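I am opening my notebook on this structure and will write down what I looked up, one topic at a time.

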Amino acid sequence: MKTAITELFGIQHPIIQGGMHYVGFAELAAAVSNAGGLGIITGLTQKTPELLAKEIARCRDMTDKPFGVNLTFLPSFTAPPYPEYIAAIREGGVRIVETAGRSPEQYMPALKAAGIKVIHKCTSVRHSLKAEKIGCDAVSVDGFECGGHPGEDDIPNMILLPRAADELKIPFVASGGMADGRSLVASLAMGADGINMGTRFVATKEAPVHDNVKRALVEATELDTRLVMRALRNTERVLKNKGVDQLLEIEREKGASLKIQDIHEQVAGVYPKVMVDGEMDAGAWSCGMVVGLINDIPTVKELIDRVMTEAEQIIRQRLTGFLDGTGAKAPTRAVA
Ligand SMILES: Cc1cc2nc3c(=O)[nH]c(=O)nc-3n(C[C@H](O)[C@H](O)[C@H](O)COP(=O)(O)O)c2cc1C
């Protein structure tokens, strides 16, 4: 399949693995890129720019295909040295950066001077248009369903994607709620040029996280995510667990006077406890509603091949079948 996104990034399939804290290590990024998608190393999981440089080198040892690095600009307890991270990306020869959180405007000159293609992940049409204006090459449009930070507008992809398609000139991928060939075909139908998956990639063999995390994703349903930190306007969609229940209780007690310090224990330092030690009740970690569509732990290649085969069958059989009169009996899922 060729789309504006496969052409822009020089990849085989229009599937991107979004940056994920403590998940997006070289192993996962390389597996996604080797399977024909675009793998992304999560920059800030590496505690220093020097460690990011090593992670990039490790990824390069595992794949000769294009891969990217995610740079997230979110409120944090201590601000990271972004220019040094960008230098590590440039010197590591990485030519694709996924930015997320606040606008990457102040770093665009440095990224563009290094010949880097920038895909900015954002949760609204107005932020997407801003990304286009400041010179981003593409955007990842992240609907309300998404794991992580869905913003504060609460617009799901069924509305957000066609709205983005009506306004944007640069290519975009649909992000949030994507799991299979049905997601890809629906996104293409709504004007996107590919998909970005987060949560679905965590439940793969190569994702370098504790087995408890993968099992929890298989067991959870679409009813098991919660929104936290709304009062701080830093909303995050997370998987429900005991730590998240405590967090929500504190949020109820504090109401509008909530401060980040009030929930420090439930949000700070949680990722290593969950992803490395498998402590599933440690607190808030990102997870999308798409968890309800995750029923297995395939290899990354099995997953990507399945998405592409299923998408092709839906287009060729079910959709064209509707037009030539044979579609009424076509299964909604070509591949079980
Ligand atoms: C465990 C986890 C950690 C994430 N960490 C980050 C991150 O550090 N930076 C970022 O830009 N997005 C992060 N995301 C968001 C993903 O890149 C992606 O946009 C999102 O998962 C898409 O929604 P989905 O989970 O429904 O596929 C994270 C998502 C998950 C599931």
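I began with the shell around the ligand, and by class I found 10 nonpolar, 16 polar and four charged residues in it. For these classes, Ala, Val, Leu, Ile, Met, Phe, Trp, Tyr, Cys and Pro count as nonpolar, Asp, Glu, Lys and Arg as charged, and the others, Gly among them, as polar.

Before going on, I noted that this is a predicted model, in which local features need pLDDT of at least 70, side-chain atom pairs count only at pLDDT 80 or more, and totals for chains, interfaces and linings use all residues. I also noted that residues are numbered from 1 along each chain as its sequence is written.

Which residues are the closest to the ligand? I found Gly 18, Ala 100, Gly 147, Gly 198 and Gly 288, out of 30 residues that surround the ligand (a residue is near a molecule or strand if its C-beta atom, placed from the backbone, lies within 6 Å of it). The largest share of the shell, three residues, comes from H9, and I saw that E3, strand E8 (195-197) and helix H9 (199-202) each supply at least two residues. The names refer to DSSP runs numbered from the N terminus, with at least four residues for helices (H or I) and at least two for strands (E).

Next I looked up the domains, whose bounds come from an automatic or database domain assignment, and wrote down domain 1 (4-207) and domain 2 (211-290). Both domains give residues to the shell around the ligand, so the ligand lies between them. Their C-alpha centres lie 22 Å apart, and 23 residues of domain 1 are in contact with 18 residues of domain 2, where contact requires that the C-beta atoms of two residues, placed from the backbone, lie within 7 Å. On the side of domain 1 that touches domain 2, I noted 11 nonpolar, nine polar and three charged residues.

I then turned to the sheet, which is open, has eight strands in the order E1-E8-E7-E6-E5-E4-E3-E2, and shows parallel pairing (two strands pair if DSSP finds at least two bridges between them). Strand E1 (15-17) and strand E2 (39-42) stand at the edges with a single partner strand each, so one side of each is left without a neighbour in the sheet. Within the sheet, four bridges join strand E5 (residues 117-122) to strand E6 (residues 138-142), and I picked out Cys 122, whose bridge partner in E6 is Val 141.
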